Amino acid sequence: MSAQVQALQPHHIQPLAQIPPAGVDFFDPVPFKVYTQRDLDRIAPLARLSSEQRFEMKVVSSVLPFRVNQYVIDELIDWSKVPDDPIFQLTFPQRGMLAPEHYERIAGLIRGGADKAELERAVGEVRHALNPHPADQMEMNMPRDEHGKRLEGMQHKYRETVLFFPTQGQTCHSYCSFCFRWAQFVGDKELRICSSEAIELHNYLRRHPEVTDLLVTGGDPMVMKTRHLRDFLEPLLQPEFDHVQTIRIGSKALTFWPHRFLGADDADDLIRLLTQLVEAGKHVALMAHYNHWKELDTEAAQAAIRRIRGTGAVIRAQGPLVAHINDDPAVWAKLWKLEVKLGLVPYYMFVERDTGARNYFEVPLVRAWEIYREAMQQVSGLARTARGPSMSASPGKVEIQGVAEIAGEKVFVLRFIQGRNPDWVQRPFFAKFDDKATWLDQLVPAFGEEKWFWQDEYEAIREDRLAAA
Ligand code: SF4
C-alpha cells in the first residue's frame, strides 16, 4: 500500500446526518497536484527514462494535450513496467502518437530553437490534419434557439438526448492520450465546444419535450465546483422539466481523481446534490469512463464508488478499446467482472475514433469484435450488458455484431444502436469483410450493393444541416 493511501484517514467530525448515506467511507481531503507539458521535467519517476524518450514526450505533448496528476503517478502506474504499463500508455505521450512526418517536423523545430510563432503555426497545422472534430460534430449536431441562433456548447444528435458542455468542465483531472475530445483542451477557441449559459440550456430543454436525457459532458464536468453543477442541474427539478427523466454525467474522475467524491466539503456537497436529484425522482447516471481494471483497483476508487452508489445514482461503465492499453480479452473480462462486483453496470465497448492519435491506438474492427466476443465468453450474464464494439460515427452508433458467411460472401454484420433517424435502429446491415478496416468509412456494402440502406437519407440530413450551419 502506498504512502498516499495510508494517509487517507477516516473523518471524525463529519455531520453524518447531512451526508448520505451513512456507513460509507469518509476520507481526509487530499491536495490535487497536477503536471502539464511544462512540468515534464518535474515528474520524478520519468528520470528512469532516457533523455531521448523524454524529448519525444515534449514533442508529442506540443501537439496533443498532456496533463497528469500525482494520484495517477503514485497509485495507478506501475513504474517497473513503464513504458508498457497500460496506465502510463493511457496518460503519457508516446512517440508513435504522431505520424513520422508530423513528429519530424515538430522535433526539428524544437531542436533548431524555432521561435514561438513558427512553432505555433506548425503545431496548428498538424492539429488541423488530425481531424479535430470527428463525425461532423461542429456542423451537424449544434442545435439552434427559436430565433435560429446557434447554441454553442450543446449537441443534439439523437432525438431523446441533449449533450451539454459546460465551460467550467472543459478539462479533466488527467488527460487520456487517445482522447477523442482532445481538441477541447489545446487552447484553440475555434476548436472548442462549450457554454456557460445555464439559461440557454434550460430554454432549449423547455422547448423540446421529446428530450428525456441530458448528458452533461466535457472534458469532465466533475472538475467543476459543485455549485456550478448545481446551477445547471437543480432547476431541472421544476415540474416544467419533468420530461427530462435522466441526468447523465460523463466523467473519468472515478479513475483520475476519486478524491473528488471523498473528503472535501465540495465532495459532500456533490453527494448531497446527487441525492437530491435522485430523491426528486430523476434517474441519475454517472457515465464512468474505464479502460483497464487497474483504474478500479485502489482504495480511494472503490470508496468513491460506494459513496456515489449510496446516493441512489447508477454508475454505468464505458470506454474505448485501444491498442497498447486494453486490446486483450483478458483485460476486458477482468474489467467487466470487477465492475459488476463493485455494483457498476458495464455499458459500452467503443471503437477508437477517427481523430487525434488514432494511428497509434486503433484496432482493426475484426480484432475488436474477437476481443469483445472472447471477453464476453469469460463473464456471467450480469457483465454481458456491455454493448459493442460500437463506432460513434456521423450517421449513428454502429455496432459490429459479428462476422458471417452469407451466400458465399464473408461479411460484417452491423446494426445501429442509435441513428440520426430512429427508424434505422436495430436494422441489421452488411459490409464486405475487410480485415484491415478500423472505421465505418473504410467499409463498403456487401453483396455488390452500391450504397447502405440509410445512405440517401443520411446524405439529405447532412446537406440540410451543413447548409444551415
Ligand atoms: S476523460 Fe474523457 S474527455 Fe477527459 S481526456 Fe479522457 S477521454 Fe478525453
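Helices and strands here are DSSP runs, numbered from the N terminus; a helix has at least four residues and a strand at least two. On that basis, Pro-83 is placed in the loop between helix 3 (70-76) and helix 4 (86-91). The model is a predicted one.

**Confidence**
- The protein chain has an average pLDDT of 90, and 91% of its residues score at least 70.
- Over residues 1-23, pLDDT stays under 50, and the model has 29 contacts beyond four places in sequence for this stretch.

- Eleven strands form an open sheet with mixed pairing, in the order 3-4-5-6-7-8-9-10-11-12-13.
- Strand 3 (154-158) and strand 13 (428-432) are at the edges with a single partner strand each, so one side of each has no neighbour in the sheet.
- On average, neighbouring strands of this sheet are turned by 30° against each other, direction ignored.
- Strand 4 (residues 161-164) and strand 5 (residues 213-216) run parallel and are joined by four bridges.
- Leu-163 has Leu-215 in strand 5 as its bridge partner.
- Helix 15 (residues 365-376) lies across strand 8 (314-321), strand 9 (345-351), strand 10 (387-392), strand 11 (396-406) and strand 12 (409-419), and runs at about 90° to strand 11.

**Helix pair**
- The axes of helix 5 (residues 100-111) and helix 6 (residues 116-128) are 10 Å apart, and the two helices pack at an angle of about 170°.
- Because angles over 145 degrees count as roughly antiparallel, helix 5 is roughly antiparallel to helix 6.
- From helix 5, His-102, Arg-105, Ile-106 and Leu-109 meet Glu-118, Leu-119, Ala-122, Val-123 and Val-126 of helix 6.
- This contact of helix 5 with helix 6 has six nonpolar, one polar and two charged residues.

**Ligand surroundings**
- Around the ligand are Cys-172, Tyr-175, Cys-176, Cys-179, Arg-181, Gly-218, Gly-219, Asp-220, Lys-252 and His-289.
- The shell around the ligand has four nonpolar, three polar and three charged residues by class.

**Backbone details**
- Most residues other than glycine have a negative phi, and most peptide bonds are trans.
- The peptide bond from Val-82 to Pro-83 is cis, with omega near 10°.
- Gly-388 and Pro-389 are also joined by a cis peptide bond, with omega about -15°, and Pro-389 is in strand 10.
- Asn-131, a residue other than glycine, has a positive phi near 50°.
- The location of Asn-131 is the loop between helix 6 and helix 7 (137-140).

How values were computed
Residues numbered from 1 in each chain as written. Predicted model: local features only at pLDDT ≥ 70, side-chain atom pairs only at ≥ 80, totals over all residues. Near = placed C-beta within 6 Å. Nonpolar A, V, L, I, M, F, W, Y, C, P; charged D, E, K, R; others polar. Axes fitted to C-alpha atoms, helices over the stretch in contact; angles between N-to-C directions. Parallel < 35°, antiparallel > 145°, perpendicular 65-115°, else oblique. Contact = placed C-beta atoms within 7 Å. pLDDT = per-residue confidence, 0-100. Pairing = 2+ DSSP bridges.
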